[in-house]
Amino acid sequence: MNKFMGVLENVLLPIADKLNNNRYLSALRDGFMVALPLIIFGSIFVVIANFPFLDKVISADGYAKYQDALGPASAATLSIMGLFVIIGIGYKLTQFYKVDAIYGGVVALASFLILTPQVVEKVTGVIPTASLGAQGMFLGIFTAFISSELYRFFVQKNWTIKMPPGVPDAVSRSFSALIPITLTLTIFLIVRILFSYTPYDTVQNFIYTIIQQPLTHLGSGLPATIVAVLLIQIFWFFGLHGQIIVNSVFDPIWYALNDDNLKAFQAGTELPHVITKQFIDSFLVGMGGSGMTLAVVFLIFLIGKSRQVKELGKLGGPAGIFNVNEPIIFGLPIIMNPLVLIPWLLAPVIVTIVTYVAMSTGLVPRPAGVIVPWTTPVVLNGFLATGNAWQGGVLQAINFLIVAVIWWPFLKILDKNYYETEKYESNSKAS
């Protein structure tokens with residue numbers, strides 16, 4: 001066990017450290033965090049607009065008007081979430097270089113719109129909504145990275161207009177950004193013109209065909225998902241926030257899959273994907289946090305004898321209900337604790353397989369594409385994530401029991417060790 005842990009530590013820790021400190025992955029992660037409140041807002045109204053049995057209570061015309069009234073909430077957020085992510089990435093990456101960040105955000109957005117197709121059914125000057133959402137996500141990410149780098153390069157080369165003293169700061173900053181923005185956008189305009197002479201016609205078609213579609217297909221499969229889940233658990237075991245590190249790489253793929261399911265759900269057609277962003281967030285992380293440790297809290301109250309474990313259960317229980325599990329991860333502890341490595345790695349993989357099989361066979365509806373707030377308690381979380389389907393809540397309850405069964409013998413051994421240590425220390429003080 002020690003040799004195995006040594007190999008993991010020597011191989012994975014340097015990789016994780018580089019990923020965690022990489023400025024592009026950090027900007028990507030922070031960009032999604034900028035968009036997250038808006039995405040959740042839109043998702044909430046998708047759930048409300050598709051509340052179960054409502055179409056049976058009111059007339060068809062009334063139900064259609066009800067959905068039309070709530071539709072703009074998701075259309076203005078979920079459908080164009082790529083725009084918010086792009087602004088966030090541009091802002092954060094430019095901020096890293098200590099350059100005026102707001103212009104990094106807007107130049108990233110403008111660069112993306114220059115490259116985006118502006119024709120819908122032969123009508124020019126119209127940007128399709130799909131291009132502003134998950135379909136354009138990969139192009140938006142690359143564009144934000146490149147445009148931010150170009151903008152800060154021109155600024156740091158001092159290719160700027162210097163205004164005389166006494167000019168208001170806002171005006172001075174605006175003119176200072178003029179040349180860097182002009183040069184950056186001109187480069188992207190030239191790229192757009194050059195691609196118009198290729199078989200792909202636009203950069204977005206090229207990115208979507210060559211990069212996004214293959215990666216999305218790979219990320220929607222069970223093997224790649226198991227690898228991602230294992231990496232999350234391993235990074236956490238060594239004290240690194242596995243969710244943040246792995247999500248930085250997989251989020252563009254999972255969000256694209258999520259968007260496909262949301263469109264199908266709203267259209268009332270078959271949902272195309274099992275693996276989505278909400279598959280990970282609701283049926284793995286949404287059961288007490290990374291590693292689904294709410295089941296561990298349940299076992300603590302059921303079999304715990306040591307004072308340390310009991311107190312930890314009281315501390316971690318309320319937080320665990322809302323998927324905050326740092327008290328358990330650091331207090332049990334799970335980090336660098338070989339006694340719990342097996343259940344820590346095994347339980348999420350088993351749950352991933354069970355959930356995938358249940359959804360792919362039709363026993364449980366697939367994730368509907370709505371983004372459920374991550375603090376939503378278990379069972380309710382699964383119900384909302386599957387488009388208000390009771391089977392989603394039942395599946396979470398079954399997964400909860402699976403995790404508890406896997407953890408039972410290991411937690412019992414750990415608790416016994418703590419109990420005997422406490423008993424020995426108590427006897428030593430008494431004597």
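This is a working chat about one predicted model.

Visitor: What should I know before reading off numbers?
Guide: This is a predicted model, so local features need pLDDT of at least 70 and side-chain atom pairs count only at pLDDT 80 or more, while totals for chains, interfaces and linings use all residues. Residues are numbered from 1 along each chain as its sequence is written, and side-chain values use heavy atoms, with hydrogens and water left out.

Visitor: How many helices and strands does the chain have?
Guide: The chain has 19 helices and two strands. Helices (H or I, at least four residues) and strands (E, at least two) are DSSP runs, numbered from the N terminus.

Visitor: And what box do the C-alpha atoms fill?
Guide: Roughly 80 × 60 × 45 Å, taken along the principal axes.

Visitor: What share of the residues counts as buried?
Guide: 49% of the 431 residues. Buried means under 20% relative accessible area, exposed over 50%, and partly exposed in between (1.4 Å probe, protein chains only).

Visitor: What about the surface?
Guide: The chain exposes about 20,200 Å², and carbon and sulfur atoms supply 68% of that. Accessible areas come from the Shrake-Rupley method with a 1.4 Å probe; for residues, only the protein chains shown count as cover.

Visitor: Let's move to α8. What span should α8 have, and how far apart are its ends?
Guide: Helix α8 covers residues 137-156, 20 residues in total, and at 1.5 Å a residue should span 28 Å. The expected span is 1.5 Å times one less than the number of residues. The end C-alpha atoms of α8 are 28 Å apart, which agrees.

Visitor: Why call α8 largely enclosed?
Guide: Because 15 of its 20 residues are buried, α8 is largely enclosed by the rest of the structure.

Visitor: What comes just after α8?
Guide: Asn158, which takes a positive phi of about 65°.

Visitor: Which aromatic pair do Phe153 and Phe154 form?
Guide: By the ring rule there are 12 aromatic pairs. Phe153 and Phe154 form an edge-to-face one, at 5.6 Å centre to centre with 65° between the planes. Phe154 also pairs with Trp159, and that pair is stacked, at 5.5 Å and 20°. Rings of Phe, Tyr and Trp (its six-membered ring) pair if their centres lie within 6.5 Å; planes under 30 degrees apart count as stacked, over 60 as edge-to-face and the rest as tilted.

Visitor: So what do the ring pairs link up?
Guide: They link Phe153, Phe154 and Trp159 into a cluster.

Visitor: Is Phe154 buried or exposed?
Guide: Phe154 counts as buried at 8% relative accessibility. Phe153 is partly exposed at 35%, and Trp159 is partly exposed at 40%.

Visitor: Where does Arg152 lie?
Guide: Over the face of Tyr97, at 4.3 Å from the ring centre. A charge sits over a ring if NZ of Lys or CZ of Arg is within 6 Å of the ring centre and within 35 degrees of the ring normal.

Visitor: Change of topic. How many residues are in the largest nonpolar core?
Guide: The largest core has 110 residues, and those with the most contacts inside it include Ile89, Tyr151 and Trp254. Helix α12 (residues 242-267) gives the most to this core, with 11 residues. A nonpolar core is a set of buried Ala, Val, Leu, Ile, Met, Phe, Trp, Tyr and Cys residues joined through side-chain atoms within 4.5 Å.

Visitor: What does Ile89 touch?
Guide: Ala27, Leu28, Gly31, Ile141, Ala144 and Phe145, not counting residues up to four places away in sequence. Contact means heavy atoms within 4.5 Å.

Visitor: Which peptide bond is cis?
Guide: The one from Leu332 to Pro333 is cis, with omega near -10°. Pro333 lies in the loop between α16 (326-331) and α17 (341-360).

Visitor: What phi does Asn323 have?
Guide: A positive phi of about 65°, although Asn323 is not a glycine. Asn323 sits in the loop between α15 (307-321) and α16, and counts as buried at 5% relative accessibility.

Visitor: And Asn388?
Guide: Asn388 also has a positive phi of about 65° without being a glycine. Asn388 is found in the loop between α18 (380-385) and α19 (390-430), and at 8% relative accessibility counts as buried.

Visitor: Last one. What does Glu326 touch?
Guide: Trp236, His241 and Gly331, leaving out residues up to four places away in sequence. Glu326 lies in helix α16 and is partly exposed, with a relative accessible area of 32%.
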